[in-house]
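Please look over the sequence and the model shown here. The paragraphs that follow go from single residues to the whole chain.

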Amino acid sequence: MERETMDVSLENYTGYLSDDCLLSIFNRLESELDRIAFGLTCRNWLKVRNIGRKSLTFHCSFNPKIDKEHAKCIPKLLARSPCLSRISLAGLTELPDSALNALKMSGSSMRSLSLYCCSGITDDGLAQVAVGCPNLVVVELQSCFNITDDGLESLSKGCHALKSLNLGSCTGITDRGVSAIFSNCLNICTLIITGCRRLSGVGFRGCPCTLHYLEAESCMLSPDGLLDVVSGGGLEYLNLHKLGSSTGLDGLGGLAFARSLRILNLRMCRYLTDDSVMTIASGCPFLEEWNLAVCHGVHLPGWSAIRLYCNKLRVLHVNRCRNICDQSLVALGNGCPHLEVLHINSCVKITNNGLALFTISRPQVNIRVDEVMSIGPSIENLFRMQ
């Protein structure tokens with residue numbers, strides 16, 4: 001009897017708490033389990049929890065049936081959570097365009113949206129995003145195969161505050177779509193176009209100086225396109241790993257105009273020549289890390305240019321370079337005063353004697369035999385809201 005009286009008293013007491021008071025309490029809960037328990041208390045507390053929810057994340061189950069059921073729930077969940085600032089729907093391949101219409105419930109509060117691998121989304125869905133969420137700063141569209149230039153134009157015209165955009169493996173886009181992004185989103189600083197093989201690079205012409213980070217792995221950028229890529233002058237990180245060439249010629253010398261570059265990944269750029277290495281080394285004085293692994297076209301003149309000009313270089317990758325030799329190591333050992341790490345293995349022209357002489361002359365340099373595929377800042381951190 002006493003227990004029942006206590007429960008009734010507690011219920012009456014909590015009934016006097018305003019929604020603003022309950023929301024203040026909810027916002028002070030640090031544990032996700034506590035937040036879930038809060039919402040399960042009663043309908044009113046569930047409503048307050050939905051209002052207080054700032055982030056919504058769905059995890060891919062890799063089960064098409066389950067993902068299809070999740071996709072059906074999205075509109076209702078979005079409608080119940082009007083103050084979301086971040087939504088991740090990554091992996092929901094069955095998500096239709098119509099589900100995104102409910103994003104307008106969050107409207108101006110929405111800052112980050114991930115549609116990673118949402119292959120069912122088309123330009124129509126992206127147009128709804130642009131209208132409903134004008135203040136988006138971070139958008140991930142990787143592997144959204146049905147997105148075209150029209151969708152990017154809609155997004156850019158509706159979301160002028162965009163800073164980070166992931167278009168990796170969006171095989172339907174061309175330079176026209178990229179140009180629209182730069183024309184309308186003047187604060188863009190991070191862009192990923194990995195695997196977008198229909199881009200030549202000319203869409204970067206006139207890109208803003210705010211563009212600091214560019215991932216263009218496995219692309220087919222032309223020599224003129226590469227000049228446009230660096231035309232903004234603000235690039236600090238550039239990944240051209242496995243860059244293809246439609247002409248079979250080396251056009252990488254134009255990167256010398258990217259004078260702010262600090263990290264450059266040219267791993268497996270097989271068309272790279274000594275001339276381009278010399279031009280880049282002399283034109284990019286702030287380079288701190290340079291990946292030249294599996295670049296067989298670099299010979300002694302190229303390595304000597306790195307020794308001469310790369311005075312700020314801290315990390316150099318030369319794994320599996322066929323044409324780096326003992327004399328090249330001697331050259332590097334006589335320069336690059338700030339070199340801290342040298343990644344080197346499977347270089348057939350390097351002898352044990354040459355490596356020993358380098359170690360003796362530069363004992364402070366850490367010789368590592370591992371081959372690093374990815375360098376620079378974490379993509380996850382770049383696309384995480386602060």
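**From single residues to the whole protein**

Pro 363 counts as exposed because its relative accessibility is 61%. Exposed means over 50% relative accessible area, buried under 20%, and partly exposed in between, with a 1.4 Å probe and protein chains only. Pro 363 sits in the loop between α13 (352-361) and β13 (366-368). Helices (H or I, at least four residues) and strands (E, at least two) are DSSP runs, numbered from the N terminus. Glu 340 is 23 residues away from Pro 363 along the chain, and their C-alpha atoms are separated by 9.7 Å.

This is a predicted model, in which local features need pLDDT of at least 70 and side-chain atom pairs count only at pLDDT 80 or more, while totals for chains, interfaces and linings use all residues. Residues are numbered from 1 along each chain as its sequence is written, and side-chain values use heavy atoms, with hydrogens and water left out.

Leu 95 also belongs to a loop, the one between β2 and β3. Leu 95 counts as buried because its relative accessibility is 1%. Between the C-alpha atoms of Leu 95 and Glu 69, 26 residues apart along the chain, the separation is 9.6 Å.

A polar atom of its side chain lies 3.3 Å from the backbone oxygen of Asp 370. Leaving out residues up to four places away in sequence, His 343 touches several others, among them Val 315, His 317, Arg 368 and Asp 370.

Helix α6 (residues 123-132) has as its buried residues Asp 123, Gly 125, Leu 126, Val 129, Ala 130 and Gly 132. Their cover includes β3 and α7 (149-158).

Next come the spaces in the model. On a 1 Å grid over the protein atoms alone, a cavity is a set of points where a 1.4 Å probe fits but cannot get out, and a pocket is an open set with protein on both sides within 12 Å along at least five of seven lines; lining residues have an atom within 4 Å of a point. Grid points are joined across faces, edges and corners, and a volume is the space filled by probe spheres set on the points.

The largest pocket holds about 380 Å³ of space. Its lining has 18 residues, and those nearest its centre are Arg 86, Ser 114, Glu 140, Glu 380 and Phe 383. At least two lining residues come from each of β2 (86-88), β3 (112-114) and α14 (379-382). The lining divides into 7 nonpolar, 7 polar and 4 charged residues. Here Ala, Val, Leu, Ile, Met, Phe, Trp, Tyr, Cys and Pro count as nonpolar, Asp, Glu, Lys and Arg as charged, and the others, Gly among them, as polar.

How many cavities of 30 Å³ or more does the structure hold? There is 1. The volume of the largest cavity is about 130 Å³.

Last, the whole chain. The protein has 14 helices and 13 strands, and 47% of its 386 residues count as buried.

Definitions and conventions
Polar contact = N/O pair within 3.5 Å; in protein donor to acceptor, adjacent residues only side chain to side chain. Contact = heavy atoms within 4.5 Å.
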